[in-house]
Amino acid sequence: MNRSYFFKLMLLSLTLASCAQDQSYKEKIKDPELVQANVKNLTDIIVYDIFSPPVASRVYLYPAIAAYQTMQLANEESYASLSGQVKGLEPLTKSTNENVNYNIASLHAFNQVGKAFIFSEDRMNAFQENLDQQLKDKGVPRSVLKASKKFGAEVAAHILAWAKGDLYNQTRTFPKYTIQEEEHYWKPTPPDYMDGIEPHWNQIRTMALDSSNQFPPKPPLAFDLTEGSPFQIQLKEVYEIGKNITDEQLEIAKFWDCNPYVTHHRGHAMFATKKITPGGHWIGITSIATRKAKSDFQATTNAYANVTIALFDAFISCWDEKWNTLVVRPETLINKHYDEEWLPILQTPPFPEYTSGHSVISRAAAITLTDLFGDNFAFDDTTEIEYGLPVRSYGSFIEASEEAAVSRLYGGIHYMMAIEEGVAQGQEVGEHIVQRIQTFTGGDKELALN
Amino acid sequence: MKIKKLIVCLAVLMFLNCSEEEVLSTHSIPLVAMTSEETGISFSNQLVYQSDINILEYLYYYNGGGVAVGDINNDGLEDIYFTSNQGSDKLYLNQGDFKFKDITAVAGIYTDNSWSSGVTMEDVNNDGFLDIFVSKVGRHNSLLAHNLLYINNQDQTFTESTEALGLAFSGLSTQAAFIDYDRDGDQDMFLLNHSVHSVRSYGTTEKRRDEAPLSGDRFYENKINEEEGRFVDVTQTSGVYSSPLGYGLAVRVADINNDGWSDIYVGNDFHENDFIYINNGDKTFSESIKEHIANTSRFTMGVDVADLNNDGLQDIFTTDMMPNKADILLKSGGEDTDKVDRIKKDFGFEPQLARNNFQLQNKNVTFSEIALMTNTYATDWSWSVLLADFDNDWKTDIFVSNGIVKRPNDLDYINYIGGVKFSSYALNERDKIRKEIIDEMPTLKIPNVLFKNLGDLSFESVDKASLGAPTFSTGAAYADLDNDGDLDLVINNINQEASVYKNTLDKGGLVIQLNNTSNYTTKGSRIIAYSEGKQFLQELQTTKGFQSASTQRVHFGVPSDSTVDSLEVVWPNQKKQTILAPDTKEILTITYSEAQTKTSSINTEKITDFELAVLPFEYEESVYLDYERERLIPEKLSSEGPALVVEDFNGDGQNDIFIGGSRYQAGELWIAKKKGAYERVDVFAFRSDRNFEDVDAASIDIDSDGDRDLYVVSGGNDFEQGDKNLMDRIYLNDGNGGFTRRVVDLPRTNGGTVSVADFDQDGYEDLFVGSRSIPGAYGLDPDSYIIRNNQGKGLQQVLTFPLGMITDSAWQDIDADGLLDLIIVGDWMPITILKNIGNNQFKNISKDQGLGSSFGLWNAVDFADFDGDGRLDIIAGNVGENFKWKPTVSKPVWLYLDDFDENEQLDPIIFYNFFDTYVPFASLNKLSEQLPFIKKRFQKYTAFAEVNTVEQLTGKNPKEYLQTKYINELRSMVYLNTPDGFKGIPLPKVAQQSSIEDILVDPEKKTVSYVGNYFDFVIELGPLGANPGGMLSDFNSETLYFESHKSFNLPKSVSSRAVEFLKNNQFVIATQNSFVFLVTSK
């Protein structure tokens, strides 16, 4: 008798206690910094594990979509599902478990999907354990955490099943690029003469593009080393800029290097430095923009989903052009014809020249960000600080993308044609994406900022 | 006692081929480590980090010092000089009985801390006293010095005299080697220097003509005793390259081409080739490595020259850095990728392999590289190599010093150093970051290696304990320090006292001191010792190994129970002096005596048994790189041709020749004319079918009209199975050698072989067509076909079965039952006998016939009754012994076939036994490219390095795989047909040095002609280029050995694919990378 009374009291007080916690944790876990931390962790692992730029864009894409699709279930009135907008994605259904918290599920789905694509699972596990602890510290009840993670895992499985159909696995065993003798064809470059990266990336399933070659750039200038030919003039331009580079040009080139794997040779000693990829840089800018705009959890998730889609499709579009035109890098020709000792400011990345990947993807990302945050969104780009580079400031996303594009000329790794046509290509891809992908439905854009 | 046991065991191995159980090394050579207390030698090459001199600022920071040995005071005891990188060099006087005294300072040797690299001793002024030359890294960052020449004052003191003698070069010197290049009696000097810039882009070999003031090699002519009174730099006229391309680490003077003039071998690091400077005898050299050697070591660090098989020809051994432990191998950088290898070739560089090279000299001064066959290819990060007989058994052993303080090629290090923030590489942080980077590099001490020569080109690493504890050992030298007839060993170690090994062998050995007339060097003298009907060659040269110089005397490892009948000395002036019945008990001094010498004539006659002529047909293999589609395959399967058929096509009584074309090249018909001439005849049908690759062909009278038609097998791994470009073809003969295609639906596979015979005895010739592979699915068995000629009315496929990856076949009544059986060979399969049991039925009897241990990579099969017992024996050509894989029945090479990542492409995974541990053949990088999940399983190379089963690698049980295959025999073999089944006998070593691609037996004379070589394995397996073709004969049925061998002497690196009789004493050989050869026996 006494005992049951005691138990009732206990239960009551417990319930009261958890009710009290409820109030505070629900607000706490709406903190968009949780999303930012997730993305930053993924970036760090991508840098650590070394993914090539196109593959890295894939590693960003699926977690971002998983996170978005989960959150969208909680905000169906303001946001539209990507199912039906990107190729092959089946809709999700809301969980029947009332304990599911969609913010937590979204965070978990992001990490679970990310873990499937990266190599260093131990790093992801450590991050997830830490996140769980944080959530507990914020007072998330065990039952909520458990149910949310379970649902997050279901979303992750759903997204991974979808990802499996993108032909990535199959392309692992497609033929490598066989070096072709003729001078105008791309050849592996010093110092490591690495294999060409992802010659079959154009077969990867696009998100919003109809096909990888939906927006073919103008053909590259005809190969012609005759003094004064349009091609030769552009080749010479790369050579001359490299020789007489200004401090400003040098800083721009280095700022936008974004080469995930630069090797250094000292005799037998060889070591590599790792950095973010070009896509990673724009993920960083997205983080700056969402923070500056004080985007909420859902809007932040939305921004990443849109930008990763743009980057992903832009890489496919660019890679299609690269491996179709097979244009030789300036370094190869300059060393052979003008100056054996000439070195580009940046290490030439291991894939064909035309068009410039950074130009295409930067413009596509910039257009997407402009669509989300508006023209003349000024920002300080602090992305590269941790890689020892300074802060650069821009008046708009487009301005940043234009500097990223021309940096490749200063860096000695692209001709002007690959930059100009790359920007044009990125413009078309970006415009197509913002037209096709309609995620925010809840009013005018301004609202999305809050 | 122990040795006897092994000899017995070896005998058992050879006769019964019971090679399966491992024979543990029972050898030792009694080298005993002496302590510094005992010897008084406490020298240690101590390295101390400096901001501007460390492994990041100077790439050869860990190359260590050298040792030179020589009797500086003519007291009959050889003294020792050690070089130090950052401390003082040391000169130790030998006081006898292994006691040494440090006389560095009193002798006038500089005791500053400038960077000494190599050292050698030479009597440069012909005054009868040894001088000392020390090479310096004299111009790099804060280092400032010039090379030093200490002239012997004849009183145990020296005077440094480079300024006066014109040798005060200041740059990046590794070592000097003295050579009397003009045979004027004094010693000229080759100075080996090294570059320090990082290899960024290769550039072409044209750069060799550039000059580099600090790093280019130099040549100085000795004119001390002439008007000039000094050395004169003659680099420009000498033909010696002095370019920035050279990373010179090794130099050895030797008469490489046996013409009496000393030549120079230079070992270069990195992509620059090694050089052989052949002395033209007119004060010039011609660099000619590619005329002599097919491939060299890549990171050549040491070199020595000596006769390693007692055939009177000197062989060359160079050291490199391939690990000899599985875990180190799997986590270290190794060979270039196949692509980088091709890029280098395009820039003009010759092939190089990142492992030791053992160059066995052939009679025509080409060399066969046999490090893999002799198991001497991997001794880890190796510096000195010394070729000397350490156990006095007449056989030259191989000593290798090794070890590197920091291993910068550790792949985990390379990939994971990325965490270091180079951005903060600001002045104030530099040292901290440098140290951080250097600390990341793994450190591992390893024991030195001594290979005991067992004879017949067999070597065995002796018990490691006798070579002491693991060290970082660099320069090394040998000498008989206690004048007891055997060779002792001195080694310069980094951060550790020098090692001094006393040879405690108590018997045997002959040490010879040569004394020439004054003003004439003894270096370059050759001595031949004659003993019990055998002869042994030594050439007196001292600078050898790495940065070091060994004894100034000549040592012969005369066993204690052996006598020397006579010695023949060929002095450097080429006069010959003979000493009969020399006393071998004491050190023997031989003094030049004009009265006793006579002029020696160089035997320049090339001993050849065959004459070569060429037909100007050059096979043009189309470039298709299979491994760019199938990353994990061990070899290309798209380069199988050319086909070769010898037949009288026009009925004029003379044999004509058909040679198949490669893809995009038409096959050709060469018709015999008068006087052994051949004329090419244009055949329209061949030209129009040039899109086919003709991999094999046979003549057959398919339409029963009495003339010989052609069946041509098509191949290629570049088309899908079933593609029309893979269809076999029949060409009908009009009786006059005119051919037209008869279009019939024939097999469309990557073909391998065709054999013609009337197996059903109906009077019409039938066919077996064997297939090579399924394109894109390496390892799986394609269908092969037995096709019956239906009495000339048509072809009838009577059997279609997946038999294996077939390369050759033959119809032969192997069991003498009157029915023709089918014998087929191929890859990952045994010699296979399909017994004809009548009624178009065949039964596989290989296993019952004892051929279960014959799973190989077979290329050819033929037959003869070798042992004369009335039964036909089998002879088959395989990859040979000069190969990285050394499978046995108990330790096969495994091929696992499955679609591990479920992407509907086959993933062939190979495991092989590498120094007693199973390892995956493909690197982690290659595996992860094809199977991304592998990278997830092994994030660090350290983890991958522990893998020794396929289940560990893939996580999947082999029982669930699609198929598992293996190889347990890679030697070329004879299988004797006995009542108890077939008994395998390996062909002699001379026929195992490369692959045998085709065999032609003369069943009457029982001669075996063989040709081969193969250049289409991936670079990790390397080129097989050491088969110049040859003929084995005189099979002794007692010893089971071919007692006679003659070489065809085909040019270096010719890849021969087929040999046929043309007429009496004449063969025709089809090659893949050269002309068609006609070989006539003299």
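Helices here are DSSP runs of H or I at least four residues long, strands are runs of E of at least two, and both are numbered from the N terminus. I kept that handy for everything below.

The model is predicted, with local features needing pLDDT of at least 70, side-chain atom pairs counting only at pLDDT 80 or more, and totals for chains, interfaces and linings using all residues. Residues count from 1 along each chain as its sequence is written, while chains are lettered from A and ligands numbered from 1 in the order in which they are written.

**Helix 2, chain A**

I started at residues 33-49 and checked the length: 17 residues at 1.5 Å a residue should span 24 Å, and the end C-alpha atoms are 24 Å apart, so the two agree. (The expected span is 1.5 Å times one less than the number of residues.)

Next I looked up its buried residues (20 or more other C-beta atoms within 10 Å of their own; exposed is 12 or fewer, partly exposed in between, with C-beta atoms placed from the backbone). Among them are A:Leu34, A:Asn38, A:Ile45 and A:Asp49. Their cover includes helix 3 (53-74) and helix 11 (297-325) of chain A.

**A:Asp375**

I found A:Asp375 in the loop between helix 13 (357-373) and strand 3 (379-381) of chain A. A:Asp375 has 10 other C-beta atoms within 10 Å, so it is exposed. Its C-alpha atom is 7.7 Å from that of A:Phe397, 22 residues apart along the chain.

**Confidence**

I noted an ipTM of 0.84 and a pTM of 0.92 for the complex.

Definitions and conventions: Contact = placed C-beta atoms within 7 Å.
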